[in-house]
Amino acid sequence: MSDPETGDGESSDGEELRDNVGQRFGRLPATPGDREVEGRASRAEVIDFFEERFGIEPAVFEGFSFWEKGKGKIWIFADEMPTPIRIEGLGMTVLRTRQEHWKPTHSAVQRFGHHATKNVVDLTPEQAATFARGEDQDFPEWDGDWGYLIASHELAGEPEPIGVGLYVYDELRSTVPKGNQEELPVR
Amino acid sequence: MNPLERYAPLVDDREAFFDACERPLPSVVRVNTIRSAPDRARAALDEAGVGYEAVDWNPQLLRLDERGPGTSWPYFHGWLHGQEEVSALPAIALDPQPGEKVWDSCAAPGSKTTQLSAMMDDKGVVIGNDNNLGRLSALRHNAERLGVTNLVVTKQDGRNFSLKPFGFKEFDRAIVDAPCSCEGTIRKNPDTLDQWTLEHVHSVAAVQKGILSRAIQATKPGGTVVYSTCTFAPEENEAVVDHVLDTEDCEVVDFENPLESRPGVTEWEDDEYDPSVERTHRIYPHLNDTGGFYCAKLEVTA
């Protein structure tokens with residue numbers, strides 16, 4: 001019986017891509033050219049995504065490794081581990097791939113969003129409270145790109161990312177996960 | 001009979017001890033320094049009109065005037081995490097450094113684990129293990145909420161924990177915050193003693209010995225292992241340390257304990273323990289207005 005991810009039984013010419021195995025973590029290849037697992041994003045593509053969409057400098061992710069577990073769920077880890085590895089968790093979820101529009105996670109935006117320089121929307125206290133409750137709101141003031149944005153507000157004198165918003169048709173949709181939604185004071 | 005009566009001979013002020021056990025616990029949060037400096041978190045609480053008092057021995061711990069930080073902006077942002085004051089002690093005794101490899105053998109739900117990550121500036125590796133899937137899910141949720149990226153979550157039996165998956169052979173430090181009879185949590189869970197039996201104390205002590213032994217074996221010579229429980233029973237505290245002093249290569253070492261404590265006991269019922277267990281710490285609820293706790297720091301000698 002061949003093991004689809006350790007490479008046992010892999011074809012000798014190396015052209016055949018292996019299937020992604022959902023129950024374990026596989027490290028992302030450095031570039032698309034290094035890809036050995038079908039459909040897996042590369043480290044370079046992930047870092048490009050954050051730079052192109054949000055202006056986050058690639059240097060922010062230096063020293064971190066990126067992993068896939070489950071279909072398209074990307075995790076970020078502060079150190080290195082052998083790949084593949086069958087464990088319960090490896091760092092933090094950071095991005096959802098294998099879909100037309102990649103979506104950063106709520107936790108990724110809260111953790112790294114302060115490095116963003118574009119596609120960030122600054123919310124008023126009322127808008128921020130609506131967003132944290134997980135509610136959609138009219139948002140005609142945004143004339144930038146459609147798609148995923150970082151919703152931010154001011155807290156203790158500085159901007160602080162709240163979560164991921166989806167902007168379409170003059171509307172800002174909150175994607176704050178149910179378990180994180182909160183009824184918070186307007187301030 | 002109240003099981004706590006058996007410890008009355010160990011405490012210096014019986015009345016203060018029993019009174020404190022009846023009082024509810026103050027609500028304490030730890031500032032998650034991965035996400036916010038303590039100053040900024042305090043400023044955010046001030047803005048929100050949430051009253052608090054900084055704990056005098058640690059600026060990252062804040063005693064709230066009222067229960068529950070769950071509905072405030074700084075909590076939503078993962079700047080704060082509810083954590084009992086005394087439970088911040090084992091990580092402080094362990095003193096993990098950025099870049100090290102640290103094992104937390106009984107990690108869920110993760111207050112201490114995420115504290116270790118924060119102390120390491122979220123660099124290096126914390127292996128957070130637990131053997132219960134439901135508790136692991138709480139650990140994962142908390143780590144994610146607090147923005148921890150240096151945590152590896154595993155589900156193994158701590159007594160025969162394998163490092164094989166990780167590509168390294170030993171830890172720099174390990175923490176065994178063991179499953180225990182939880183007598184010291186009486187202020188948080190007043191019904192915690194309803195199920196108390198001496199048989200359970202003995203059976204959980206056997207598990208504690210197994211996990212602590214494995215932690216010492218898996219830690220490099222010169223490395224540090226911290227053992228802690230939230231219980232008063234010497235069977236689960238000094239007796240467990242005494243056991244590993246006999247069977248493993250380790251010794252008890254001192255650490256700077258910012259809380260008032262009493263030395264470990266060297267005699268209990270018909271047993272005598274190694275004299276060095278006097279250098280371990282018993283914390284009774286009336287000493288610092290916290291839960292009850294026990295903490296020992298060990299150095300691996302070979």
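**Figure 1. Chain A runs β-α-β-β-β-β-β-α-β-α-β-β-β-β from its N terminus.** The chain has three helices and 11 strands; helices (H or I, at least four residues) and strands (E, at least two) are DSSP runs, numbered from the N terminus. This is a predicted model, in which local features need pLDDT of at least 70, side-chain atom pairs count only at pLDDT 80 or more, and totals for chains, interfaces and linings use all residues. Residues are numbered from 1 along each chain as its sequence is written, while chains are lettered from A and ligands numbered from 1 in the order in which they are written. The C-alpha trace of chain A spans about 60 × 30 × 30 Å along its principal axes. Of the 187 residues in chain A, 36% are buried. A residue is buried if 20 or more other C-beta atoms lie within 10 Å of its own, exposed if 12 or fewer, and partly exposed in between, with C-beta atoms placed from the backbone.

**Figure 2. Five strands of chain A form an open sheet.** The strand order is 7-9-10-11-8, with mixed pairing; two strands pair if DSSP finds at least two bridges between them. Strand 7 and strand 8 (137-138) of chain A are at the edges and have a single partner strand each, so one side of each lacks a neighbour in the sheet. Helix 3 (residues 125-132) of chain A packs on the sheet and touches strand 8, strand 9, strand 10 and strand 11 (171-174) of chain A. Contact here means that the C-beta atoms of two residues, placed from the backbone, lie within 7 Å. The direction of helix 3 makes about 65° with that of strand 10 of chain A; axes are lines fitted to C-alpha atoms, for helices over the stretch in contact, and angles run from 0 to 180 degrees between N-to-C directions.

**Figure 3. Strand 9 and strand 10 of chain A run antiparallel.** Nine bridges join strand 9 (residues 147-155) to strand 10 (residues 158-168). A:Leu149 stands opposite A:Gly165 in strand 10 of chain A.

Figure 4. A:Pro84 is in the loop between strand 3 (73-77) and strand 4 (89-90) of chain A. A:Asn119 counts as partly exposed because it has 18 C-beta neighbours inside 10 Å.

**Figure 5. Two parts of chain B, domain 1 and domain 2, are in contact.** Domain 1 covers 3-25 + 85-300 and domain 2 covers 27-83; the bounds come from an automatic or database domain assignment. Their centres, taken over C-alpha atoms, are separated by 24 Å. The contact takes 15 residues from domain 1 and 13 residues from domain 2. On the domain 1 side, helix 5 of chain B gives the most, with five residues.

Figure 6. B:Pro109 is in the loop between strand 5 (101-104) and helix 5 (111-119) of chain B. B:Glu269 is exposed, with 7 other C-beta atoms within 10 Å.
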